[in-house]
Amino acid sequence: MKRLVIKVGTAVLTENNNIAKERMLNLVSLVAELKKKYDVVLVSSGAVAAGYSALKLDKRKQIGKKALAAAGQPILMTSYKKKFDIYDIDTAQILLTEDDFDSRKRTKMFQEIIDAHLQNDILPIVNENDITSTPDQLFGDNDQLSANVAFAIGAEQLIILSDIEGYFDKNPKEHADAQLRKKVTILTPGELLDDATPSSFFATGGIVTKLKAADFVMRRGIDMFLCNGFDLTAARNYLLDGEQTSGTLFTTE
Ligand SMILES: Nc1ncnc2c1ncn2[C@@H]1O[C@H](COP(=O)(O)OP(=O)(O)O)[C@@H](O)[C@H]1O
Ligand SMILES: N[C@@H](CCC(=O)OP(=O)(O)O)C(=O)O
């Protein structure tokens, strides 16, 4: 079966700093459908936000995102497990840092584990290992991590679900007249250099890291589809019916 990497961001998975259960359930239901047609790897953010909402902390105290992620990651995985159990789908956690892509030996280790999961119908759920990642490392955001994972495991497509319909000619949150770009074949150096514009404290990348992810995969012959993760209709139409009703397709074709 063709391999597919789906990345879901904090913006979609959380609501008022809590895990957005309904949205997670909708995502899980889509993944269950997709698993009949593709070998799926899920890359999920949400650990930091989950830690923040779960800890009985004085919210004015700053313990740092890494400490929050350490608390939130098991909560995130438990939430997924409960929902994937409904569909009788086994899940496994894969935590990666940039170091895992640095040497062939290390990359091979997680490639083999993901291969074993996919061959045995287990859904790998990947997140960055926030605890051991250092600030100067490449990722720090799951957009670029998911692009690297897509390449490493030989995926045909990368799907990024976010809180917007796709890539617009300007930030749609600030410009009511922003126009959706349905197909992008070239990204200019200027587009890849813009400042990060994450939509919440817990999100990391904003649009720029999504564009960097697109640039990375396009150079390697992998398509990327950026679409709305609140309403999964566009993702469903594109992945199950091969029809682009919304979203942005980044492709060299
Ligand atoms: N040109 C643009 N097109 C789409 N989104 C943009 C653009 N410029 C800035 N953004 C912002 O990027 C945000 C998505 O990034 P982010 O908050 O990191 O989401 P996620 O948590 O899904 O990774 C959007 O909510 C939007 O405000
Ligand atoms: N590893 C972090 C994810 C940070 C991140 O990339 O967030 P996002 O930009 O929302 O995809 C977490 O699980 O909270």
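Because the model is predicted, local features need pLDDT of at least 70 and side-chain atom pairs count only at pLDDT 80 or more, while totals for chains, interfaces and linings use all residues. Residues are numbered from 1 along each chain as its sequence is written, and chains are lettered from A and ligands numbered from 1 in the order in which they are written.

On confidence, the average pLDDT (the predictor's confidence in each residue, from 0 to 100) is 92 for the protein, and 93% of the residues score at least 70. For the complex, the predictor gives a pTM of 0.95 and an ipTM of 0.96.

The protein is built from nine helices and twelve strands; these are DSSP runs numbered from the N terminus, with helices (H or I) of at least four residues and strands (E) of at least two. With a radius of gyration of 17 Å, close to the 18 Å that the globule rule gives for 253 residues, the protein is as compact as a globular protein of that length. That radius is taken over C-alpha atoms, and the rule is 2.2 Å times the number of residues to the power 0.38. Along the principal axes, the C-alpha atoms fill a box of roughly 45 × 45 × 40 Å.

Of the 253 residues, 42% count as buried, meaning that 20 or more other C-beta atoms, placed from the backbone, lie within 10 Å of the residue's own; 12 or fewer makes a residue exposed, and anything in between partly exposed. Beyond its neighbours within four places in sequence, Ile6 is in contact (C-beta atoms, placed from the backbone, within 7 Å) with residues including Val31, Leu42 and Ile159.

Around ligand 2 sit 18 residues, the closest being Gly9, Thr10, Ser45, Ala47 and Val48; a residue is near if its C-beta atom, placed from the backbone, lies within 6 Å. Helix 1 (10-13), helix 3 (47-54) and strand 6 (122-128) each supply at least two residues of this shell.

Finally, Gln179 lies in the loop between strand 8 (167-168) and strand 9 (180-181). Gln179 counts as exposed because it has 10 C-beta neighbours inside 10 Å.

Conventions:
Two residues are in contact if their C-beta atoms, placed from the backbone, lie within 7 Å.
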